[in-house]
Amino acid sequence: MDSANAPERETVAHLLVDAAVWAPSAHNTQPWWFETHGRTVTLHADAERRLDVADPQGREMLISCGAALFTLRLAVRRLGRMPEVRMASDPDRPGLIADVTMGEPRPVTDEERRMYDQIKRRRTHRGGFRAGALPVGLLQSLRAHACAENAFLRIVADPRVRVALAALSEVAEQVQCMDPAFVAEVARWAPTPCSERLDGVHETAYPRDPDHTDPYFAGRDFARGQGWGLVGGERREATGVVAVLTTTGDGRDDWLRAGQALQRALLRATEDDVSAAFHTQALEVPELREFVRTRFCDGTYPQMMMRFGVADDEFGSVRRPAADVVVGEL
Ligand SMILES: Cc1cc2nc3c(=O)[nH]c(=O)nc-3n(C[C@H](O)[C@H](O)[C@H](O)COP(=O)(O)O)c2cc1C
């Protein structure tokens, strides 16, 4: 290695991974690890962190990795370089996702700078939203950002469809809670209060008494009847804007695309202080997912169900530090 450039390279790799780990992931499993070689960061899925019960195909795992991939790309742009992304598909190494290399210099735009600044600010919301409309033009912008990643953000304007999707999330939540394997899996990723674990959904990430919105989208039962969760905060009873992120296909590349589109839209929303709450239970029950696909998505494949709105709560989240998820020099 050219020793004169070594410190700079280390800083660059650290900066990229340090941003990528803040991507959202199902149950905060953080199902990824990274390899660094000079100015290339290789993203790998970590199948040991996949949700075997909720996500046997690894769809949500790859959506999460897609979100990390978008974050890596954005972090490269923040350094004033073009990301060169080489998607991997090696049947012998199914966890290998992509190489991201610092390419030619090109000045970072204000839009990219603003989006980058949201990476560590963005938080998943759980509960109701403040009443009122979202900033003018935001939904159009979110759709354009999803589209730029070859996914569709379908805004659900029909109140009957909102009610139907809310009911499906409740059905799915009940069905999952009746399955001991599923309940055990949630328990595995919802640590007890004051845990020092750096993954999973901690008690600072969800409310003790969830707001009851109308229609009501069921939340996950991370507290499992133990009375855990954040207390206080004002009651917010607006459901917010309901949206479904979809793709035309339903394979590995589509899931990675969905994840990139997801993170891009979430970061754009965060710029306007708009948060997203996710309700993916219905998409984890195959019959319900198929129902959502055929009835409400014009046959495109639903990958994420969510609500957007303005929240005031300060939910917390944790991450494993870059040094814990990198193999190679950092
Ligand atoms: C594929 C996927 C599915 C998710 N499903 C849900 C969900 O159904 N309910 C929920 O409360 N959060 C859901 N989340 C949000 C994660 O729990 C969240 O990203 C993680 O706990 C990290 O917290 P943060 O987003 O605040 O950084 C999902 C995230 C992803 C990427």
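In what order do the strands of the open sheet of 5 strands run? I read S3-S4-S2-S1-S9, with mixed pairing. Strands here are DSSP runs (E, at least two residues), numbered from the N terminus. Two strands pair if DSSP finds at least two bridges between them. At the edges I found S3 (81–87) and S9 (326–328), each pairing on one side only. The twist averages 25 degrees from one strand to the next, with axes fitted as lines to C-alpha atoms and angles taken from 0 to 180 degrees between N-to-C directions.

I noted that this is a predicted model, where local features need pLDDT of at least 70, side-chain atom pairs count only at pLDDT 80 or more, and totals for chains, interfaces and linings use all residues. Residues are numbered from 1 along each chain as its sequence is written, and side-chain values use heavy atoms, with hydrogens and water left out.

Next I looked at S2 (residues 40–45). I checked burial (under 20% relative accessible area, 1.4 Å probe, protein chains only). S2 is largely enclosed by the rest of the structure, because 6 of its 6 residues are buried. Thr-40, Thr-42 and His-44 are buried on one side, and Val-41, Leu-43 and Ala-45 on the other.

Then I followed the neighbours of S2. S1 (residues 32–37) pairs with S2 in the antiparallel sense over 6 bridges. Phe-34 has Leu-43 as its bridge partner. Their hairpin has 2 residues between the strands, and Gly-38 takes a positive phi near 55 degrees. S4 (residues 96–105) also pairs with S2 in the antiparallel sense, over 5 bridges. Here Val-100 is the bridge partner of Val-41, and Thr-42 stands opposite Asp-99.

Technical notes:
Buried < 20%, exposed > 50% of the residue type's maximum accessible area, 1.4 Å probe, protein only. Helix = DSSP H or I, 4+ residues; strand = E, 2+ residues; numbered from the N terminus.
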